[in-house]
Amino acid sequence: MGMDQKQNVLRLSAEKLYAHELEALREADKAAEKPAGWQLSPRAVLTFITGGQAGETVITPKYIGNKRLVEMAIATLLTDRALLLIGEPGTAKSWLSENLTAAIHGDSSKVVQGTAGTSEEHVRYSWNYALLLAQGPSDQALIRSPILRAMEGGGIARFEEISRCASEVQDALISILSEKTISIPELGREVSAERGFSIIATANTRDRGVNEMSAALKRRFNILVLPAPSSIETEIDIVRRRVGEISASYELRASQPDEEAIRKVVTIFRELRSGVTLDGKEKVKSPSGVISTAEAISLLTGSMALAGSFGSGELTDEDVAAGLQGAIVKDDVKDQQVWKEYLDNIMKKRGSSWRSLYSACTEMNG
Amino acid sequence: MAKPVQRLYGDERVSEASQPHYFGIRHLSPAGSYHLLALLNAVKPTAILIEGPSDAGDLAAQLTSRGVVPPVALLAYTDQLPVRTLLYPFADYSPEYQALKWAGRNHCHAEFIDLPTSISLALADRRRVPQAEAPSGEEPQLQGGGLYNRIAELSGEPDYEAYWERHFEHHLEPDVYRRSILHYSNEMRSLTEDDELRLAPQESAYNEIRESYMRRKIHEAIMQGHLPEKIVVLSGAHHTSALALSLPSMTDAELAKLPRVSAKMTLMPYSYYKLSSHSGYGAGNQAPAYFELMWRCMQDGELASLPALYLSSVAARMREEGTWRSTASVIEAVRMADALAAMHDGVRPTWRDLRDAATVLFGHGELSVVAEALARTDIGTAIGRLPEGVSQTPVQDDLNRELKRLKLEKYKSLVAADLELDLRENRRVKSEESAYLDLNRSVLLHRLAALGIRFARKQTVRQSDATWAEHWVLQWSPEAEIETVESTLKGETVELATAYVLHEELLACTDIAEAAKLIRRSCECGLPQVMGQATSALQRLAVDAGSFEGIAGTVHELSVMLQYGTIRRVDTEPLVPIMQQLFLRGSLMLQEAAGCNDDAAAGMIEAIHLLNTAAQEHYEQLDAALWVEQLRLLAERDDRNAKLSGYAFSILLERNAAGEDECAKEVARRLSPGIPADIGAGWFEGISMRNRYALLSRSYLWRQLDEYIASLEAEPFKRSLVFLRRAFGSFEPREKAAIAEMMGDLWGVDAESAGARLQQPLNEEEKESLDELNDFDFGDL
């Protein structure tokens with residue numbers, strides 16, 4: 001597959017999307033000392049994530065708001081420890097995990113997706129049964145899990161939504177993380193991790209209690225809790241940046257939402273999330289679903305798609321209202337009630353600049 | 001003369017005549033102490049001049065005398081009102097403290113050379129006045145906050161403290177500290193000087209005065225015969241460049257012109273807790289215990305072991321609290337802290353790196369899990385100590401005398417002990433002193449409480465009527481010692497200080513209830529004079545008192561004092577006219593105040609109760625007849641809050657001011673058909689709030705209620721149900737059962753079977769009909 005073809009895939013991996021930035025960083029970083037298995041120095045990784053300059057190239061910030069947290073994540077990987085990122089939905093756990101992996105290892109594709117159906121084979125290895133029956137156990141018949149591949153190559157494997165897996169699957173990780181080996185008794189050998197091997201796992205705080213992680217497993221991770229964006233300005237910044245990037249890669253034929261529209265959406269989301277208006281004066285009911293920053297981003301890009309495909313290409317209040325309706329009123333009649341109360345009690349009183357969005361939302365909410 | 005030694009350490013120009021050694025520091029900096037000692041050992045000065053109040057005199061020497069355990073502080077205070085204070089705290093690792101200790105060991109002259117506190121306190125007053133003129137908006141720039149944040153940002157550190165620690169505290173190579181801090185503070189000074197002159201000329205001028213005074217003191221030291229190259233000058237790094245002797249120093253005439261106030265000084269034990277919460281002085285003190293650990297490591301030459309020591313002690317604290325963290329976690333935390341330091345090109349982790357590592361490894365990402373263990377490791381409970389004989393304030397002396405006189409010395413211990421007091425005269429002993437021992441003890445303990453000295457806590461006595469009994473828990477702590485020293489500012493003895501505090505509160509008091517409380521407190525503190533002042537203050541305030549509830553509370557307070565004042569041997573006679581006056585006003589205000597909504601009625605009921613109690617207790621002094629008359633009026637009126645009318649009527653019943661006929665008539669009138677349900681039921685709620693037995697024993701009352709309920713239509717019935725349910729909600733099960741039986745009798749149902757039926761759980765249908773009530777629309781209720 002050529003490079004050009006790859007540009008047409010639905011979603012580019014971080015190392016492809018920011019290939020030129022990584023290249024510039026590698027160039028600028030030539031002289032710096034790098035830990036075994038790392039393609040960039042820790043400091044260059046930090047620059048890649050939090051933004052800065054590499055030679056002539058401007059490095060866009062990928063994770064905004066908490067530089068120290070990124071430093072702590074990199075320091076963890078420096079000490080060969082596995083990293084676990086915990087946070088509310090939409091706090092950019094996977095995004096941070098993917099970008100860290102891309103910067104350190106250059107390949108963020110070694111991913112295990114944690115689901116209720118994830119089995120121990122997904123974590124360790126499985127077999128190509130046709131070959132296994134024909135040849136008996138052999139290297140050719142072995143299907144390596146992303147983690148096994150990362151161990152062999154001294155790279156970083158990602159484990160998404162680890163707390164969705166059954167506990168026996170989680171437990172399989174314990175020996176991998178403490179021994180740094182996977183034994184394959186069928187082949188009579190053991191795969192030991194090359195230097196540079198590590199795992200970045202993510203877990204959702206909303207899943208807590210579904211499959212609570214064991215203390216033994218927790219001890220093998222350095223755990224970082226990713227906070228929700230602390231200030232509205234940070235959140236607006238995040239939303240604007242991501243919407244810009246997504247709309248460029250999806251070629252949405254609509255103009256970017258203006259600052260005002262983003263501010264309104266983020267305001268509504270923050271108020272519904274925290275259950276109180278930004279000025280702290282009025283209480284608001286929160287809807288049952290998750291109101292994350294990621295939702296705000298997909299809402300705006302969705303609205304842009306609507307405007308681009310069916311509208312004038314200009315993002316109108318009707319488009320935003322349709323997006324808000326979908327994001328806030330998930331499946332419950334109660335959500336509809338919550339949204340109606342918010343519209344009538346809060347938004348209606350916000351004056352003329354909110355008037356047309358209010359009318360559009362009210363109409364949509366029925 | 002050969003000068004081989006100071007050339008090693010000086011960076012001054014060779015051509016210049018011999019100069020003192022200047023050593024710039026940051027207060028509370030372990031590395032500063034470390035490098036200072038190295039310099040002192042190399043130079044072997046004959047005089048050390050230290051930035052600090054030059055009028056400290058003997059106290060400076062006492063600071064390092066045997067038995068003193070830092071943290072300790074020099075406290076300067078004006079001995080006249082308004083009291084102003086200056087505090088100079090020292091930890092063991094304060095460079096100033098180490099300099100004093102070195103001087104003591106090596107028989108070297110040591111002296112504080114900053115402005116005497118009599119001048120700096122006076123100047124502090126003047127600086128405060130014209131501050132407002134500075135153009136707003138530019139202020140933060142001046143404070144250096146913006147500048148410091150910018151430095152932290154540029155160096156990639158999370159905050160300025162981390163920057164400072166990484167760049168100044170971790171380097172033990174000879175002379176690095178002195179040279180870099182000098183360079184750094186010169187740059188900082190040149191960056192901020194212009195702004196300071198423009199935006200805060202007072203600050204700038206104040207610094208100029210101080211520096212010129214310090215130069216004068218340096219000259220004086222040279223005049224006294226100390227060779228300049230044998231003098232070490234220790235000052236905040238900001239001032240170092242301004243202390244060069246080439247600059248003019250203060251003349252006698254200039255010194256004479258400076259304003260002065262009368263000021264005194266004392267030593268006091270200090271605590272790391274206070275050090276960490278006083279961010280105004282010096283810096284690097286958010287974690288005093290951490291820096292002490294660093295200092296100890298430096299002295300042992302094992303600074304490299306600091307991260308391991310710190311993190312394992314955090315883990316140990318967590319284990320003490322019952323959260324197990326393994327040694328392996330400690331090792332990983334040290335590694336992570338090292339990695340964080342390496343990312344910043346640091347030699348070793350900073351406090352911030354260590355904390356973050358602890359949060360990740362011990363707290364699993366949550367700071368809240370480790371916060372307490374961190375606080376105990378960072379701040380700790382270390383408290384300074386001063387041995388006996390070291391300068392004490394008059395209040396400390398007085399308190400010790402009092403404790404001895406009242407035989408309370410044994411309670412001055414770190415272990416809490418109980419003390420039961422019987423305030424009555426002990427008639428079995430001979431001297432008056434011992435007859436009233438417990439009373440005097442109570443007075444002292446109340447005074448200490450009023451001063452905010454946490455030595456004794458008063459426990460509530462279960463038997464509330466026994467006003468002669470008091471139960472105290474006594475526990476001494478060095479914090480209490482500090483609080484004692486602080487009360488020196490308020491008066492020379494415990495008694496005077498207490499009087500001052502209460503008097504201050506009295507001046508600020510605008511409310512009759514507060515004034516009445518102050519009367520009681522001054523009575524408890526045995527201060528008849530303040531009590532007199534409080535009484536006249538109350539009198540003054542009483543003229544304008546317009547809140548019924550406030551008046552009732554005050555009357556109650558006064559009534560309690562009148563009843564029990566004699567036990568404290570206090571003349572309460574002057575309180576009687578005030579109580580009479582307030583009671584009269586309260587009685588007359590009753591009607592007006594009773595026109596309120598149900599929310600306000602709760603407070604009103606409490607107030608009516610208090611006034612009624614007072615009327616009963618002091619029937620000789622108070623116009624009880626007027627009160628009853630007013631109650632009757634309230635009970636009869638239909639335009640006041642129905643609940644209050646009901647309550648007033650219940651008092652009349654209780655006082656036998658209303659007979660059976662009257663009661664029957666009133667119930668019939670209040671609960672007659674056509675009266676809105678909420679008003680009727682509200683009235684009943686009011687009447688049922690007092691003396692349940694009186695209600696239960698009057699069967700005609702229940703008959704009336706029954707008839708009333710039966711007469712209601714469906715909607716009003718539901719409405720009244722809510723009120724009645726609330727009224728009966730506070731009844732005890734036994735009382736409810738009695739009512740049920742009574743109703744059973746009325747309806748001709750056998751009492752036992754009715755009771756049994758009531759005990760059965762609700763069935764679905766009944767539940768549903770009850771649930772329906774929840775959705776009932778009460779309109780504007």
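**A walk from Pro387(B) to the A–B contact**

Start by selecting Pro387(B): apart from neighbours within four places in sequence, it is in contact with Gly67(B) and Val68(B) (contact means C-beta atoms, placed from the backbone, within 7 Å). Before you go on, note that this is a predicted model, where local features need pLDDT of at least 70, side-chain atom pairs count only at pLDDT 80 or more, and totals for chains, interfaces and linings use all residues. Residues are numbered from 1 along each chain as its sequence is written, while chains are lettered from A in the order in which they are written.

Now show the distance between the C-alpha atoms of Pro387(B) and Val68(B): 6.1 Å, although they sit 319 residues apart along the chain. Colour the loop between α18 (367-378) and α19 (394-405) of chain B, and you'll find Pro387(B) in it. Helices here are DSSP runs of H or I, at least four residues, and strands are E runs of at least two, numbered from the N terminus.

Is Pro387(B) buried or exposed? It's exposed, because 11 other C-beta atoms lie within 10 Å (12 or fewer is exposed, 20 or more buried, in between partly exposed; C-beta atoms are placed from the backbone).

Next, select where the chains touch: 18 residues from chain A and 14 residues from chain B. On the chain A side, α4 (42-50), α5 (67-78), α11 (215-219) and β11 (221-226) each give two or more residues. Highlight α5(A), which brings the largest share, seven residues.

Finally, zoom out to chain A, with its 17 helices and eleven strands. Of its 366 residues, 43% count as buried.

How values were computed
Contact = placed C-beta atoms within 7 Å.
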